[in-house]
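Please read them with the structure open.

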Amino acid sequence: LALRAYDSEAAAMLARLQLERKAVSDQTVELASRAVRFGGGPEALDLLSQVHSERGETDLALQAASQARDLREHPAGG
């Protein structure tokens, strides 16, 4: 990620690793948010929702899950 700052897959991978280790921090939120911002699609939004849920941030988790669902139902260009 240091070499490819805009790599959504790398950001998502690092966020997932932190989730698996139960080391969910502000950095985990930032990584998951980067995955969304840089084109990770609904899968990245699902990850962000999971991160927020793990942190007890229910409203933010629901918001990300809703955005993922909307994106699946109405894909851009589709």
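Is the crossing of H1 and H2 left-handed or right-handed? The points below start there. Keep in mind that this is a predicted model.

1. **Handedness of the H1/H2 pair.** The crossing is left-handed. H1 spans residues 8-20 and H2 spans residues 26-37. Their axes come within 7 Å and cross at roughly 150°. Angles over 145 degrees count as roughly antiparallel, so H1 and H2 are roughly antiparallel to each other.

2. **What H1 and H2 bring to the contact.** From H1 come Ser8, Ala11, Ala12, Leu14, Ala15 and Gln18. They meet Gln27, Thr28, Leu31, Ala32, Arg34 and Ala35 of H2. By class, the residues of this contact are seven nonpolar, four polar and one charged.

3. **The H1/H3 pair.** H3 covers residues 41-54. H1 and H3 pack at an angle of about 30°, and their axes are 11 Å apart. Angles under 35 degrees count as roughly parallel, so H1 and H3 are roughly parallel to each other. This crossing, too, is left-handed.

4. **What H1 and H3 bring to the contact.** H1 supplies Ala12, Ala15, Arg16 and Leu19. H3 supplies Leu47, Gln50, Val51 and Glu54. The residues here divide into five nonpolar, one polar and two charged.

5. **The nonpolar core.** In soluble globular proteins, nonpolar side chains tend to be buried together. Here the largest nonpolar core has 13 residues. Ala15, Ala32, Ala35, Leu47 and Val51 have the most contacts inside it. H1, H2 and H3 are the elements that give two or more residues to this core. Ala15 also takes part in the contact of H1 with H2 and in that of H1 with H3.

6. **Ala35 in detail.** Which residues does Ala35 touch, leaving aside those up to four places away in sequence? They are Ser8, Ala11, Ala12, Gly40 and Ala44. Of these, Ser8, Ala11 and Ala12 belong to the H1 side of the contact with H2.

7. **Lys22: check the backbone.** Most residues other than glycine have a negative phi. Lys22 has a positive one, near 55°. The residue lies in the loop between H1 and H2. Is Lys22 buried or exposed? Its relative accessibility is 60%, so Lys22 counts as exposed.

Technical notes
Residues numbered from 1 in each chain as written. Predicted model: local features only at pLDDT ≥ 70, side-chain atom pairs only at ≥ 80, totals over all residues. Heavy atoms only, no water. Axes fitted to C-alpha atoms, helices over the stretch in contact; angles between N-to-C directions. Helix = DSSP H or I, 4+ residues; strand = E, 2+ residues; numbered from the N terminus. Parallel < 35°, antiparallel > 145°, perpendicular 65-115°, else oblique. Left-handed = near helix turned anticlockwise from the far one by under 90°. Contact = heavy atoms within 4.5 Å. Nonpolar A, V, L, I, M, F, W, Y, C, P; charged D, E, K, R; others polar. Core = buried A, V, L, I, M, F, W, Y, C linked by side-chain atoms within 4.5 Å. Buried < 20%, exposed > 50% of the residue type's maximum accessible area, 1.4 Å probe, protein only.
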